[in-house]
Amino acid sequence: MPPLAAEPLAFAPPLQVSAVTLSFGAVTALRNVSFACAEGSIFAIVGPNGAGKTSLLNVVSGAYRPTAGSVRYFGVDLARPRPHRVAALGVARTFQNVALFAGLSVLENVLVGRHVHTGAGFFAYGLGWPTARADDRRQRAAAEQALDVLGLGALRDLPVETLPYGVKKKVELARALAAQPRLLLLDEPLAGMNAEEKREIAAAVRAIRDRLGLTVVMIEHDFPLVTALADRILVLDHGEVLAEGTPAEIRQDPKVLEAYFGVAGEPA
Ligand SMILES: Nc1ncnc2c1ncn2[C@@H]1O[C@H](COP(=O)(O)OP(=O)(O)OP(=O)(O)O)[C@@H](O)[C@H]1O
C-alpha cells in the first residue's frame, strides 16, 4: 500500500500528471502534459512515432525526472523517489521488447517479479529458516495468482524460450502482476503481435483490471483496439497533448483525425 498522503485526497484521482515538461538538451520530448487517471481504469496513450509516449511512461514510472511539473500517485510525488522506491509504492511496468530470462521456466520468470516483496534476508534463505520458507510460499502464491489471471497456469514449468511471442508477452505481464502492483504501466503490450494474439492480450489486460481492480496506463498504436479497450485516451503529438477524452470523444475529435490519422473522416 502506498503511504497515506499528507494532503486531503477526497475524490482526487490517484494518478495525477501535472504540467510535465521533459527536455533532453535542445529536444523537448514533452511540453506541459497533464492528465489524471481514475483508479481501476484503463488509460491509453496514443500518438505517432516520436510523439513522446515512452518518455511520458518513463516519467510516470520514475525512470525520468521531469524538467518541470509533477507526477503524483496517491499524493506521493513519483518524480522524487528512485525507481525501486516507485515499485514499493505499487507501480510496475513492462517494456517494449520482451525481456525474459531464457533457460528459466515460466514460473521462475514470474517469480523474478516478486523481488520487491522478498522480505526474508539472504542468510535466512541460505539457512532455510522458517521466515524464509513462509516468504517463499507467499512469493509462489502471488506468482501462481498472476499466472492464473493470465491463463498461463498449465505452462508454468515450460522453458520460456520455447513459447510463441504472444505467450512470452503474457509471461511478462504476469511477471509485472506478480509484484502485486496497484498501477500497471504497459509500453506497447500488443506490439509485433498477430490479430489473434492482440485479442488475447487485450482480453488479458481487461481481466487484470476486472479481476484485480488495477489501474492500467498503456501505450498502444492499434487505434481500433485501444478505443475498444480503454476508458480514456490521451493523444500526444510532438510532445504535447492533442486531445484527451473517452474513446467516443477521441474518435470524433477533428484535431485527432487530422493530425494523427491525416484524414478528415472516421478512423478505420
Ligand atoms: N534519452 C533521450 N535522449 C534524447 N532524446 C530523446 C531521449 N528519449 C526520447 N528522446 C526524444 O524525445 C522525443 C520523444 O521520443 P519518445 O520515444 O518518447 O516517443 P514515442 O512516442 O514513444 O515514439 P515511438 O512510438 O517511436 O516509440 C523524440 O524526439 C526522441 O528522439
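Start by selecting strand β1, residues 15-24: 7 bridges join β1 to β2, and the two run antiparallel. Strands here are DSSP runs of E with at least two residues, helices are runs of H or I with at least four, and both are numbered from the N terminus. Before going further, note that this is a predicted model: local features need pLDDT of at least 70, side-chain atom pairs count only at pLDDT 80 or more, and totals for chains, interfaces and linings use all residues. Residue numbers start from 1 along each chain as its sequence is written.

Now click S23, whose bridge partner in β2 is T28. Two strands count as paired if DSSP finds at least two bridges between them.

Next, jump to helix α9 (residues 247-252) and pick R251 within it. Is R251 buried, exposed or partly exposed? R251 is partly exposed because it has 16 C-beta neighbours inside 10 Å; buried means 20 or more other C-beta atoms within 10 Å, exposed means 12 or fewer, and partly exposed lies in between, with C-beta atoms placed from the backbone.

Finally, zoom out to the whole protein chain, which has 10 helices and 10 strands. Of its 268 residues, 39% are buried.
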